[in-house]
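Please have the model open as you read.

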Amino acid sequence: MSEPLLSRLVRTLARPVSKSERQRARLHLLDWLACIAGARGTEAHAMGSAISTRGWESASYSGNVLEMDDVHRTSLLHPGPVIWPAALSMPSADMDTRLDAAVRGYEAMIAIGAAFDAHHYAHWHPTATMGVFGACASFGSLIGFAPVEYANALGNAGSVAGGLWHMRHDDVLTKQWHIYHAVRTGRDAAMHVHYGATGPQGILEGPQGLFEAFTKGPGELASNGDGWMIDTVSFKPFAACRHAHPAIDAAMELRRAGKLEAPFQVETFKDALTFCDRPEPETELEAKFSLQHAIAVVADGRQAEPQDFTMEAVCALSELRAQVTVSEDPAITARYPAHFGARVNGFELVDTLGDPERPVSEDDIIAKMLSLAKWGGLQPKEAEKAVNLALQSDDVDALDAMLEAWTR
């Protein structure tokens, strides 16, 4: 009998985390905090405040509402909104312990997620499906799991994995509920194993496991060799669905060169059209999932920030949206999801700003924090405090207090 896949994965999770990986994790912590800051005042923020006074728990409702959360391309999921609430959920844990927990959470969530195919992505929200694994690994790391405990807990978390995409068809908070559910479920799975529960270590490849239920042709668990998968995660500079980012990026390059002129023709990969072909968005959420609106935003000289996807912006940019046409380019689809690309008026980008091939800098992530904190109604000194706590400080009490204040 072959070794269960989870048993192989947990050997990776049991490795020590290096100082350089902790520093990488700090960048993702700052990026997530920026998303939480910018979400203040939203319906998701109000919901999180209503369900809990604990900062990590209430923040699990608002980490993805701006569509600016970090993303892993080949697994097609957003780790940050799930991982950070779990990694910050033990008040007694010091900063290095929390950073290690985050690195291990990213590893589990991405490694497993990369094995799921396009059939899964067509029906299931991968951040929800795989989020239970990420939260479980993070909390297991906080507890100090041995490999067998990781495997049992991940097996139980996977046994209730799910989260259907149908919520995309309505203007609802289900996507935010998915994150909250993944955080709580993964965390509970780890807690129960800590108290003696066991779990099915073959939950991925077993005859009635996740691969059988959710895929037509599963792949291999992802690995970054001697490194960690967190190094392969992309940051999102624009306040829109990740599938719209390549077109936004290409349009901005044309604008900088003085060559962005109507009419606008966008060619991109098939999933971008499936999720973001919305010529007439009727809500802020639909605007974030509209290629047509995204190009209109850039053509109007805007920076694709949260204010550019409000209903005020939707009304103001209707004439520009009407000049945008979108279509699939099979060659761009063939490179996806390893490369998120697009062509705008003949100008093509293979990789998008924020990807490892075209990385943003630490200064860019700091600027994102400053911008989103302002959008969320926070004073500049609050944003500066967040930058220090995320990138330099080991004061976890101050970090927890700040997050609780932000999420009230």
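Predicted model: local features only at pLDDT ≥ 70, side-chain atom pairs only at ≥ 80, totals over all residues.

Residues are numbered from 1 along each chain as its sequence is written, and side-chain values use heavy atoms, leaving out hydrogens and water.

**Salt bridges**

- Asp400 and Arg98 join their side chains in a salt bridge of 2.8 Å, N to O (a side-chain nitrogen of Lys or Arg within 4 Å of a carboxyl oxygen of Asp or Glu).
- That pair links distant parts of the chain, 302 residues apart: Asp400 is in helix α21 (residues 396–406) and Arg98 in helix α6 (helices are DSSP runs of H or I, at least four residues, numbered from the N terminus).
- Asp96 and Arg22 also meet in a salt bridge, at 3.3 Å from N to O.
- Here Asp96 in helix α6 (residues 95–113) is tied to Arg22 in helix α2 (residues 19–38), 74 residues apart.
- Asp96 is partly exposed at 34% relative accessibility, and Arg22 is partly exposed at 21%.
- A network of salt bridges links Arg73, Arg242, Asp351, Asp355 and Glu357.
- The whole structure has 27 salt bridges.

**Cysteines**

- There are zero disulfides (pairs of cysteine sulfur atoms within 2.5 Å).
- Cys241 is in no disulfide, and its nearest cysteine sulfur, that of Cys276, is 3.6 Å away.
- Cys241 is buried, with a relative accessible area of 6%.

Note on methods:
Buried < 20%, exposed > 50% of the residue type's maximum accessible area, 1.4 Å probe, protein only. Helix = DSSP H or I, 4+ residues; strand = E, 2+ residues; numbered from the N terminus.
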